[in-house]
Amino acid sequence: MKMEENLEKKDKRTCLYDKHVELGALMSPFGGFEMPIQYAGIAVEHQAVRGKVGLFDVSHMGEVTVRGKDAERYVQHIFTNDIAGAPVGKIYYGMMCYENGGTVDDLLVYKMGENDFFLVINAANIDKDWAWMQQHAIGFDIDLQNRSEFYGQIAVQGPESEQVMESVLGIPCSELTFYTVKTVGDVIVSRTGYTGEDGFEVYATPEYIRECWDKLIAAGVQPCGLGCRDTLRFEAGLPLYGDELTEEISPVMAGLSMFVKLDKDFIGRDALLKQKTEGVAKKLVGIELADKAIPRHGYTVLKDGQAIGEVTTGYHTLSTDKSVCMALIDSQYAALGTEVEIQIRKKTFAGKVVKKLFYEKRYKK
């Protein structure tokens with residue numbers, strides 16, 4: 001292999017990479033980027049977000065802008081949620097789907113202005129999503145741009161996040177409610193996050209994001225890695241693409257039908273309507289174990305000794321001290337209270353189907 005080819009295959013770095021190295025973060029590949037997994041430790045960082053405030057580098061996420069006469073019509077065409085007539089400043093969560101109902105990606109759609117939308121997509125899916133968006137933009141009068149290289153992004157999460165945003169960064173944000181956005185100059189600020197706690201996400205130039213990071217670290221805000229980002233989102237029942245949503249796992253199978261508006265037309269609607277009407281073979285459920293053994297991704301779920309599905313994500317939760325998981329299992333066993341077992345190495349452990357929400361979200365509505 002030529003050296004040039006080898007370099008192209010290296011994981012990319014965010015604008016904050018050197019800051020993570022300076023702080024001694026454990027780095028690891030994620031979604032094509034070298035990302036911090038932890039600093040002080042997953043448990044310390046997890047509890048900082050639950051109890052006070054934590055800081056995340058999420059500059060690896062992708063950003064796409066959709067502007068022009070047909071901007072709303074185009075977003076409606078590719079997005080499962082309904083943004084028709086949405087007020088400026090509102091944010092919507094939903095999915096992009098294939099014709100067969102499988103998930104291209106889950107994403108956020110920000111309405112920045114009339115005929116002006118800002119789409120936030122998952123880091124590992126940027127190239128795939130961009131190609132898919134371009135493919136389905138034919139026939140629409142829009143200016144579609146992949147702005148992922150332009151933006152850096154941080155997330156400030158936890159019950160003290162509003163206070164920190166205003167006192168440390170000087171960004172007034174108390175008027176923002178959950179899933180709303182505003183601009184401060186060229187800076188985009190939204191009351192969103194992936195932790196189950198109140199929090200904010202800031203999108204701006206890499207230079208500005210580096211300045212924000214330095215101010216927050218100097219003020220004593222705990223830097224947090226992707227390790228606790230996963231434990232936090234999991235406890236709050238939030239899906240991760242690649243685990244709870246995939247090309248094979250539709251939003252209906254994942255229990256996300258509230259974000260699928262079947263009374264409008266979009267790519268994959270007919271397949272999802274059929275799933276909703278006729279039912280699906282498998283459903284995503286929560287499972288709680290009686291034991292403290294930890295169910296991991298890919299472990300087999302059993303009923304009376306027969307395999308009925310697989311774990312998608314599992315942890316011994318830091319907030320509730322329980323061994324729980326999300327799992328995709330045969331639908332006939334998805335009722336709450338159903339007794340199942342999980343194969344962990346050479347042993348089976350008893351469990352029961354429970355709600356996927358393992359920790360009560362604390363958003364500012």
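Me: Which word applies to Tyr 203 when its relative accessibility is read, buried or exposed?

Reply: The general idea is to compare the value with a cut-off: a residue under 20% relative accessible area is called buried. In this predicted model, Tyr 203 has 0% relative accessibility and therefore counts as buried. Tyr 110 is likewise buried, at 0% relative accessibility.

Me: What is the arrangement of the pair formed by Phe 118 and Tyr 151?

Reply: Phe 118 and Tyr 151 also make an edge-to-face aromatic pair, with 5.3 Å from centre to centre and 80 degrees between the planes. Because Phe 118 is in strand 8 (residues 116-121) and Tyr 151 is in the loop between strand 9 (143-146) and strand 10 (152-157), the pair ties together parts 33 residues apart in sequence. Phe 118 is buried, with a relative accessible area of 2%, and Tyr 151 is buried at 11%.

Me: Which residues do ring pairs link into a cluster?

Reply: Pairs may be followed from ring to ring. Here they link Tyr 110, Phe 118, Phe 150, Tyr 151 and Tyr 203 into a cluster.

Me: Where does the charged end of Arg 13 sit?

Reply: For a charge over a ring, one reads the distance to the ring centre. The charged end of Arg 13 sits over the ring of Tyr 17, at 4.0 Å from its centre. In another case, Arg 50 lies over the face of Tyr 359, 3.8 Å from the ring centre.

Me: Which side chain does that of Lys 182 join in a polar contact, and is Lys 182 buried or exposed?

Reply: Lys 182 is part of strand 11 (residues 181-184). Its relative accessible area is 19%, so it is buried, given that the cut-off is under 20%. The Lys 182 side chain joins that of Glu 175 in a polar contact of 2.7 Å, and it reaches the backbone oxygen of Pro 172 at 2.3 Å. Beyond its neighbours within four places in sequence, Lys 182 has contacts that include Leu 176, Val 187 and Ile 188.

Me: Where does Asp 11 lie, and which residues does it touch?

Reply: Asp 11 is found in the loop between helix 1 (3-8) and strand 1 (12-13). With a relative accessible area of 30%, Asp 11 is partly exposed. Not counting residues up to four places away in sequence, Asp 11 touches Pro 29, Gly 32, Phe 33 and Glu 34.

Me: What is the volume of the largest pocket, and which residues lie nearest its centre?

Reply: A pocket is read from its volume and its lining. The largest pocket has a volume of about 1100 Å³. Its lining comprises 46 residues, and Tyr 93, Tyr 179, Tyr 194, Leu 238 and Pro 239 lie nearest the centre. Strand 6 (91-97), strand 7 and strand 13 each contribute at least two residues to that lining.

Notes: Residues numbered from 1 in each chain as written. Predicted model: local features only at pLDDT ≥ 70, side-chain atom pairs only at ≥ 80, totals over all residues. Heavy atoms only, no water. Helix = DSSP H or I, 4+ residues; strand = E, 2+ residues; numbered from the N terminus. Buried < 20%, exposed > 50% of the residue type's maximum accessible area, 1.4 Å probe, protein only. Polar contact = N/O pair within 3.5 Å; in protein donor to acceptor, adjacent residues only side chain to side chain. Contact = heavy atoms within 4.5 Å. Phe/Tyr/Trp six-rings, centres within 6.5 Å; stacked < 30°, edge-to-face > 60°. Lys NZ or Arg CZ within 6 Å of the ring centre and 35° of its normal. 1 Å grid on protein atoms, 1.4 Å probe; cavity = no way out; pocket = protein on both sides within 12 Å on 5 of 7 lines; lining within 4 Å. Points joined across faces, edges and corners; volume = space filled by probe spheres on them.
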